[in-house]
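The exercises below are to be worked with the sequence and the coordinates at hand. Each task is followed by a solution in steps.

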Amino acid sequence: MPTGLGRRASELGEREDFVDVSVEEPHHGRKRSISLPAAAQAARWREAMAREEAQASTSSSTSAEKIPAISRLSPELLTTIFTFAARRDIVSLARVSKSFSQAALSALYDALDLRDVDDEHAAQCIASLASRRPLALLVRHFTCRTLPEDASSLDTVTFAIAFNNMERLRALTLPRFDLRLLCHTTFTLERLTLLCKNISAQEFHALFRWLARQPSLTVLTLPNLVLHDLPPPVDAGTPTPPHTPRTPDTPPHDSNAPVFSSSSPSSSPSPVSCHSTIPDTVLPNLRRVHVPAVIASALAASGQRPLESAKLLIQNTLYDGLRPSAIMGALAAARGTLRTLTIKPASARIDARTLERVVMAAGAELGDFVETLEVHWVLDDESLYKLMASALSRFHTLRTLRLLRDSPPPFPPSPLLEFPLPPASPPLSAGPGPGTRTSISSFSSAFPPPRSARSAGAADTPFPRVHERAHLGLWSKTCPSLRHVFFLSGAEWNVLRLSPSEAALGFGGTPFEFVGYTQL
């Protein structure tokens, strides 16, 4: 029979791996012993775990320090950086690593311009976009030089599939509008540019029916389109062009798009054209237009679109039926948002009287709210400067005046007169004596001086600047709100108004500051 039961196991105290620890129990007088090996093991485990965590943190920090800084950049930042490189360099960057490949592809396909690419490589690119949808999803800006002509060709179907794959497209530039290629697209455009010179009535109305499905479009550009009047309306039953390619997984044509009806609306016709008007539901967010004058006036006539800038292409003369007052009166409906107006003659056959009437009508109808006026000129300089002297009094809120020349001035019928330089204006270079005479055409307004002469120093004042200063003195009196002027020579001037304290001190006149030659 075992002995020692019921008494303290004192024999255990003699062993080295046990320690007698007395624990007071509240209800009993007995004491129990706790063995040390379990507590020591737990302590050793905790120390080992702490050492492992310290080693892991040290190794992670060391490995982070060994990773190159460029590898820690986000793909979005890499894409932004790669967009500044040449396209050949971007192709090389795509072969560096997996992270570089995705960023380089995004930079390569974000703005895809095929105008400078030959037809063979352009066709390969379109085929790649049609067959590889992930690549097409990277395209946000697309520009091409040609479109397929044959409606039943394989190229037409390939183009249609490629456009259908570009779901994230935001800006599109095409040589012409082709409903066969765009009728099944699902992207949401913000900018559209069509470079065609002519458009039929059916294509015109098909274009605006398709634009009714682009409510986010803010910029519409038709820089080469020749259109004297709005096309007549097309019957609602007119069929769409045949051989429209059907692409897979695309919704059918929007049947709810507005239709240009042949019947005249109950309201009074537009003052610009009595044939047709553009529905108010088309392009509700349009802000900037670069279109023929008849289209701009039709878009602004309702006053429902927030037009901020209008660039008018003047393509016919007063003798051809142009009515400047009707055009500017229609634009006046956008007085709440319209702040920039550009007048551009389409060719040199637009005579000075027509342009004068257009500018005068703009001042009469839009002079109370337009802040920037830009005039493109094709005739001699002095004709424009005289026109501005009489027209600027009609612009009460104008702050910036830009005068631009798209072509060299016409050859004068007789040699220009020569005028002496004013005494306060030293010659451009030290060579001619004080009694020399300088021609008014010493600098051509169509071709600015060389870079070495583009200095804004007060001591260097050639005759053209003195001539421009004289015009500024007259224009600032007729248009007190004028602050910035760009001349045909490319010279930029600031008109500085005197403060009340400076006027009280007796500073007379209006100071002008020559900024430099600016290429607009």
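**Exercise 1.** Which elements do the buried residues of α5 pack against?

Solution. The model is a predicted one.
Step 1. Locate the helix: α5 covers residues 119-131, 13 residues in total.
Step 2. Pick out its buried positions, which are Ala122, Cys125, Ile126, Ser128, Leu129 and Ala130.
Step 3. List what these residues pack against: the helices α4 (98-110), α6 (133-136) and α7 (154-165), together with the strands β1 (111-113) and β2 (141-143).

**Exercise 2.** Describe the packing of α5 on α7, and then the surroundings of asparagine 165.

Solution. Two packed helices are described by the angle between their axes and the distance between the axes.
Step 1. The axes of α5 and α7 come within 8 Å of each other and cross at roughly 55°.
Step 2. The crossing of α5 past α7 is left-handed.
Step 3. On the α5 side the residues that meet α7 are Ile126, Ala127, Leu129 and Ala130. Their counterparts in α7 are Thr158, Phe159, Ile161, Ala162 and Asn165.
Step 4. Asparagine 165, in helix α7, has a relative accessible area of 4% and is therefore buried.
Step 5. With neighbours within four places in sequence left aside, asparagine 165 is in contact with Leu129, Ala130, Arg133, Ala136 and Leu137.

**Exercise 3.** Repeat the packing analysis for α2 and α4.

Solution. 
Step 1. Helix α2 spans residues 75-82, and its axis lies 8 Å from that of α4 at an angle of about 50°.
Step 2. That angle makes α2 oblique to α4.
Step 3. The handedness of this crossing is right-handed.
Step 4. From α2, the residues Pro75, Leu78, Thr79 and Phe82 meet Phe100, Ala103, Ala104, Ser106 and Ala107 of α4.

**Exercise 4.** Is lysine 477 buried or exposed?

Solution. 
Step 1. Lysine 477 belongs to helix α14, residues 463-478.
Step 2. Its relative accessibility is 71%, so lysine 477 counts as exposed; the cut-off is over 50%.
Step 3. Serine 393 is 84 residues away along the chain, yet its C-alpha is separated from that of lysine 477 by 8.6 Å.

**Exercise 5.** How many residues of helix α11 are buried, and what covers them?

Solution. 
Step 1. Helix α11 is made up of residues 324-331, and six of the eight are buried, so this helix is largely enclosed by the rest of the structure.
Step 2. The buried ones are Pro324, Ala326, Ile327, Met328, Ala330 and Leu331.
Step 3. Their cover includes α10 (293-300), β7 (309-314), β8 (340-345) and α12 (352-366).

**Exercise 6.** Summarise the whole chain.

Solution. 
Step 1. The secondary structure comes to 15 helices and 15 strands.
Step 2. Of the 520 residues, 39% are buried.
Step 3. Among contacts with a separation of 6 or more, 67% join residues 24 or more positions apart.

Key: Residues numbered from 1 in each chain as written. Predicted model: local features only at pLDDT ≥ 70, side-chain atom pairs only at ≥ 80, totals over all residues. Heavy atoms only, no water. Helix = DSSP H or I, 4+ residues; strand = E, 2+ residues; numbered from the N terminus. Expected span 1.5 Å × (residues − 1). Buried < 20%, exposed > 50% of the residue type's maximum accessible area, 1.4 Å probe, protein only. Contact = heavy atoms within 4.5 Å. Axes fitted to C-alpha atoms, helices over the stretch in contact; angles between N-to-C directions. Parallel < 35°, antiparallel > 145°, perpendicular 65-115°, else oblique. Left-handed = near helix turned anticlockwise from the far one by under 90°.
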